[in-house]
Amino acid sequence: MPKSKRDRPVTLSKTKKKGRDHKKSMVESIRQAVENYNSVFVFTVENMRNLKFKELREQLKSTSRLFFGANKVMQVSLGRSASDEIRPGLHKVSKLLHGNTGLCFTNLPKEEVERLFNEYEDYDYARTGSAASEKVELKEGPLEQFSHEMEPSLRKLGLPVRLNKGVVELVSDFVVCEEGKSLSPESAGILRALGLRMAIFRLNLVCRWSPGDFELYIDGPENSDVESA
């Protein structure tokens, strides 16, 4: 009887080689982008949503190229210091690549990029562990937005509910979440059931580099020694 594919051993050296090849390809792509585009922006992402980010990539593909994640690889690509940067001033960009940051290489005018990033946002359901943007409290009484079929699911989420003549009823006041506190899996589920979207997918510009010019939009990380030119 032939072995299942699941039972076949995975060669770690092949996995490592694939990882190395991907990093090498990313380094080459970023360095080529430095040559192909007029400027590069560092941006941060709040409440990352892959689909929304993919839409942005598609929207900009004729004028720009986006890279996100793998901060160390991006830093190596540009150069981490004045001695190994591939173009003058790019080490300042590297120093600002921390956390959920990305690079936007573009031929668009500076003002157009600023407008696009400032306006590009989308509301979505908050996920477990994210901070609630406001307090949500449900008052005792009928919850007419829910059908009677949902009563078991709501109870599983911790809501004190019952059916009263076919209507879902909250038997006591219930605090779903408190502003600033992390959402539990149950709280996130209740907010989704209520249709309350607390998470905002948002992009924030950190800095801009072009040959001979560097501009900071926000303060750099502590001890980064990065200032606008």
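User: Buried means under 20% relative accessible area, exposed over 50%, and partly exposed in between (1.4 Å probe, protein chains only). What is the relative accessible area of Asp124?

Analyst: This is a predicted model, in which local features need pLDDT of at least 70 and side-chain atom pairs count only at pLDDT 80 or more, while totals for chains, interfaces and linings use all residues. Residues are numbered from 1 along each chain as its sequence is written, and side-chain values use heavy atoms, leaving out hydrogens and water. Asp124 counts as partly exposed, because its relative accessible area is 21%.

User: Which residue does Asp124 meet in a salt bridge (a side-chain nitrogen of Lys or Arg within 4 Å of a carboxyl oxygen of Asp or Glu)?

Analyst: The N to O distance in this salt bridge is 3.8 Å. The pair links distant parts of the chain, 73 residues apart: Asp124 lies in strand S4 (residues 121-124), and its partner in the loop between helix H7 (185-194) and strand S10 (199-210). Helices (H or I, at least four residues) and strands (E, at least two) are DSSP runs, numbered from the N terminus.

User: Is Lys52 buried or exposed?

Analyst: Lys52 forms a salt bridge with Glu55, with the closest N and O atoms 3.5 Å apart. About one helical turn separates the two, because they stand 3 residues apart in helix H2 (residues 50-60). Glu55 is partly exposed at 37% relative accessibility, whereas Lys52, at 18%, is buried.

User: How many salt bridges does a search of the whole structure find?

Analyst: One of the pairs is Arg115 with Glu119, whose closest N and O atoms are 2.8 Å apart. Lys110, Arg208, Asp213 and Glu215 are linked in a network of salt bridges. The number found in the whole structure is 17.
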